[in-house]
Amino acid sequence: NSTMRAKLRVNTVTVHESCDVVNFTAVCKDGGYDETGSDENNTFAKFSPSGSAGIQIANPVLIGQYAVGDTYYVDFTPVAE
């Protein structure tokens, strides 16, 4: 199975007249660790220690909906031919 779930954080949002350009980076540890020495972000970072993605959003319903620091799950699922 080649599906994958990534956890990405909004790094920058550039606002243009007709679209937003949103750039994401892979999450890493947030603040301190709990008593187990881990957290969910660290678990994602362990298997995807670095990564980035960018998207230009021109859908009027989605413009202005992304803010720096927000985190999202991004699912990668193969497209059947």
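V10 is in contact (heavy atoms within 4.5 Å) with V22, N23, F24, Y66, A67, V68, G69, D70 and Y72, leaving aside its neighbours within four places in sequence. The model is predicted, so local features need pLDDT of at least 70 and side-chain atom pairs count only at pLDDT 80 or more, while totals for chains, interfaces and linings use all residues. Residues are numbered from 1 along each chain as its sequence is written, and side-chain values use heavy atoms, with hydrogens and water left out.

**Nonpolar core**
- V10 belongs to the largest nonpolar core, whose seven residues are A6, L8, V10, V22, F24, A26 and I57.
- A nonpolar core is a set of buried (under 20% relative accessible area) Ala, Val, Leu, Ile, Met, Phe, Trp, Tyr and Cys residues joined through side-chain atoms within 4.5 Å.
- Strands β1 and β2 each supply at least two residues of this core; strands are DSSP runs of E, at least two residues, numbered from the N terminus.

**Salt bridge**
- The count comes to one salt bridge, defined as a side-chain nitrogen of Lys or Arg within 4 Å of a carboxyl oxygen of Asp or Glu.
- R5 forms a salt bridge with D75, with the closest N and O atoms 2.8 Å apart.
- This pair links R5 in strand β1 (residues 4-15) to D75 in strand β4 (residues 71-76), 70 residues apart.

**D20**
- D20 lies in strand β2 (residues 20-26).
- D20 is buried but has no salt bridge, and the nearest side chain of opposite charge, R9, is 18 Å away; Lys and Arg count as positive, Asp and Glu as negative, and His and the chain ends are not counted.

Definitions and conventions: Helix = DSSP H or I, 4+ residues; strand = E, 2+ residues; numbered from the N terminus. Buried < 20%, exposed > 50% of the residue type's maximum accessible area, 1.4 Å probe, protein only.
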